[in-house]
Structure formats: structure tokens, C-alpha cells
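Colleague: Could you show me how to read helix packing and charged pairs in a model of this kind?
Modeller: Let us take it feature by feature, with the structure in view.

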Amino acid sequence: MSDVNELLNQYIAAWNETDPAARRAAVDRLWAEDGTYVDPLAVAEGRAAIDATIAAVQGQFPGFVFRLGGLADAHHNLVRFTWELAPAADAESLVDGFDVAVLTEDGHLRDVHGFLDKVPAA
């Protein structure tokens, strides 16, 4: 995957995919076999754990939609981008985040490091 914007669109689509088989296929297509996803609330090592993490977030926020928050910035094998989680595609976001992805030589996700910038009040 050489096009970073297409990779990020597919990444967000994977987070929005609610069909378990289609979501797992997307994770397998996007991540390296030993890929990781880490944020303040989760550590997922390997494709199965990444898929389970996405499913858990969908369970916590049923019907919510992820979307890219703006333009990505990339160099070498690094990509940084923002995202939003909202109750509908055109609604104000409830959660905003900032991720840094490390890509493999062939352009797959090796590691994604997530940060939460805006979270709901307890």
C-alpha cells in the first residue's frame, strides 16, 4: 500500500466495519501479521487482538462513526493523523484522537500509537 491517504481511508473503514468477517479481512489486509495497536485504554498485539479491540470499541459506542479529522502528515515510514468518533457522520464528535502509524517496508501497518485528545466527561 503505497498511497497513505488510501491506507488511512481503509484504516478508518476497518474501525467502522461492523460485519465481523469483513472487519477481520480488513485488519488482515491492513496490518502486518505481528502488528500492534496501543492507546491509553488498550494494548493489542497481533491481528486477532486488533480485531477484538475494534469490536470492543464498537460495542462501547454502538452506531458511532469514525472519520478522519484532517490531512495526514507522512515521512519515511511514519504517518500522523487525527480522527474523530461521532454519533453520526455529520454530528459533532464525542471523542477526538491523534495517531502515529509506523509502516512496514511494503506499506502495511506495523504499529499504531493512539492518543486521546477529547474524551467525554465521566
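**Salt bridges and helix packing**

Modeller: The structure holds 5 salt bridges, a salt bridge being a side-chain nitrogen of Lys or Arg within 4 Å of a carboxyl oxygen of Asp or Glu. This is a predicted model, in which local features need pLDDT of at least 70 and side-chain atom pairs count only at pLDDT 80 or more, while totals for chains, interfaces and linings use all residues. Residues are numbered from 1 along each chain as its sequence is written, and side-chain values use heavy atoms, with hydrogens and water left out.

Colleague: Which side chain does Arg-23 meet in a salt bridge?

Modeller: Side chains of opposite charge can pair when their charged atoms come close. Here Arg-23 meets Asp-51, at 2.6 Å from N to O. Because Arg-23 lies in helix α2 and Asp-51 in helix α3, the pair ties together parts that are 28 residues apart in sequence; helices (H or I, at least four residues) and strands (E, at least two) are DSSP runs, numbered from the N terminus.

Colleague: Are Arg-23 and Asp-51 buried or exposed?

Modeller: Both Arg-23 and Asp-51 are buried, where buried means under 20% relative accessible area, exposed over 50%, and partly exposed in between (1.4 Å probe, protein chains only). Asp-28 and Arg-24 also form a salt bridge, at 2.8 Å from N to O, and are separated by about one helical turn because they are 4 residues apart in helix α2. Asp-28 is partly exposed at 29% relative accessibility, and Arg-24 is partly exposed at 30%.

Colleague: At what angle do the axes of α2 and α3 cross?

Modeller: Two packed helices are described by the angle between their axes and the distance between the axes. For α2 (residues 20-30) and α3 (residues 47-60), the axes come within 9 Å and cross at roughly 135°; axes are lines fitted to C-alpha atoms, for helices over the stretch in contact, with angles running from 0 to 180 degrees between N-to-C directions. The two helices, α2 and α3, are therefore oblique to each other, given that angles under 35 degrees count as roughly parallel, over 145 as roughly antiparallel, 65 to 115 as roughly perpendicular and the rest as oblique.

Colleague: How do α1 and α2 lie relative to each other?

Modeller: The axes of α1 (residues 4-16) and α2 come within 9 Å and cross at roughly 150°, and α1 and α2 are therefore roughly antiparallel.
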